[in-house]
Amino acid sequence: MAHPDTWLTPLQAGLFCEPGGFFIDPVRAVERAVITHAHSDHARPGHAAVLATPPTLALMRARMGDGAGATQQALAWGERLRIGEVTLWLEPAGHVLGSAQVAIEYRASRVVVSGDYKRQPDASCDPFVPIPCDVFVTEATFALPVFRHPPAPGEIAKLLDSIRLFPERTHVVGCYSLGKTQRLITLLRQAGWDAPIYLHGALTPMCAVYESFGVALGALRPATVAAKQDLLGSIVLAPPSAIADRWARRLAEPVVCMASGWMRVRQRAKQSGVELPLVISDHADWDELNRTIDEVAAPEVWVTHGSEAALIHEVAKRGVRGRALRLIGYGEDEA
Ligand SMILES: [Zn+2]
Ligand SMILES: [Zn+2]
């Protein structure tokens, strides 16, 4: 058996699997890249060969056109692939459409690289599948005990209550274009909101890819061409950068909302001028991280990015060896 620290190495460009000859989510252009999901900090342009799930490849093409890899190879869930001396397959990470964990086996040891993930239900993507392994490489975006994400339907209920209370105002919700937007829409539909949902133009292309993969989003309308009057009592979704600027001010008395795990920190909501914070995250919270580490039963956990110290300290209490990889270049899903 070859210990994974002899064949999976954090380099400047990212995590490199030497016997397979590929990087996972490299932060610079490389020969061969395996991409966990299409967020811009994980899926960078310019790789020669890209391996990912079909939705991730489609989302990458929609975002970066020709930059999405000179050659693209799609891999379905669970399909085993021999690359160099390793066997690799992908299982759902439950983060956004197409988001995958990468499982790699080499000389009788198995590593699972989580990418970004969450455990809360999400109708817009496939749910996380725990894979038992020898080393679990995890994110740690919200790895502090203060981060506990409440069930998302309760946060959606707050939004709908506010609309009932202020029918003459327009609710504008800041959300990332890939993942959060489509999850919010499916949550609103599940809560019975059948009205058209208005979108900032930046959110439209990702929604189209979701729909092409069978995720039903209902009636969507461009917010920019809609008359101010039509938007009263409506929900407008926009990228976080747009909710505080000129774009949002042209709406009728906007109620500024933001859907993010960071909204758990009141200070952060206040600073960004958010009136109605919605704690809706596409990352695992403290409990989900710990539960997942228990479920995959790995004796060793490597932490890619986030609050690694707290998580490593916590898992050590349960006899799990932690290692901080301190990979540079990952963070917020989209800057
Ligand atoms: Zn990330
Ligand atoms: Zn992500």
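**Salt bridges and overall fold**

In this predicted model, Arg119 has a relative accessibility of 16% and therefore counts as buried, the cut-off being under 20%. The side chain of Arg119 forms a salt bridge with that of Glu295, with 3.0 Å from N to O. Glu295 belongs to helix 8, which spans residues 286–296, whereas Arg119 sits in the loop between strand 10 (109–113) and strand 11 (135–140), so this pair ties together parts that are 176 residues apart in sequence. Glu295 itself is partly exposed, its relative accessible area being 35%.

Helix 8 takes part in another such link. Asp287 and Arg148 meet through their side chains in a salt bridge of 2.8 Å, again taken from N to O. Because Asp287 lies in helix 8 and Arg148 in the loop between strand 11 and helix 2 (152–165), the pair ties together parts that are 139 residues apart in sequence. Here Asp287 is partly exposed, with 38% relative accessible area, and Arg148 also counts as partly exposed, at 39% relative accessibility.

Further charged pairs can be found elsewhere. A salt bridge of 3.1 Å (N to O) joins the side chains of Glu314 and Lys317; of this pair, Lys317 is exposed, with a relative accessible area of 60%. Four residues, Lys118, Asp122, Arg183 and Asp282, are linked in a network of salt bridges. A search of the whole structure returns 16 salt bridges.

The protein contains nine helices and 19 strands. Its C-alpha atoms fill a box of roughly 65 × 45 × 30 Å along the principal axes. The radius of gyration is 20 Å, and since a compact globule of 335 residues would have a value near 20 Å, the two agree.

Contacts and surface complete the picture. Among contacts in the protein with a separation of 6 or more, 60% are between residues 24 or more positions apart. Of the 335 residues, 57% count as buried. The protein exposes about 13,400 Å², and carbon and sulfur atoms supply 55% of that area.

Terms used:
Residues numbered from 1 in each chain as written. Chains lettered and ligands numbered in written order. Predicted model: local features only at pLDDT ≥ 70, side-chain atom pairs only at ≥ 80, totals over all residues. Heavy atoms only, no water. Helix = DSSP H or I, 4+ residues; strand = E, 2+ residues; numbered from the N terminus. Rg over C-alpha atoms; globule rule 2.2 N^0.38 Å. Buried < 20%, exposed > 50% of the residue type's maximum accessible area, 1.4 Å probe, protein only. Contact = heavy atoms within 4.5 Å. Areas by Shrake-Rupley, 256 points an atom, 1.4 Å probe, with all protein chains shown as cover.
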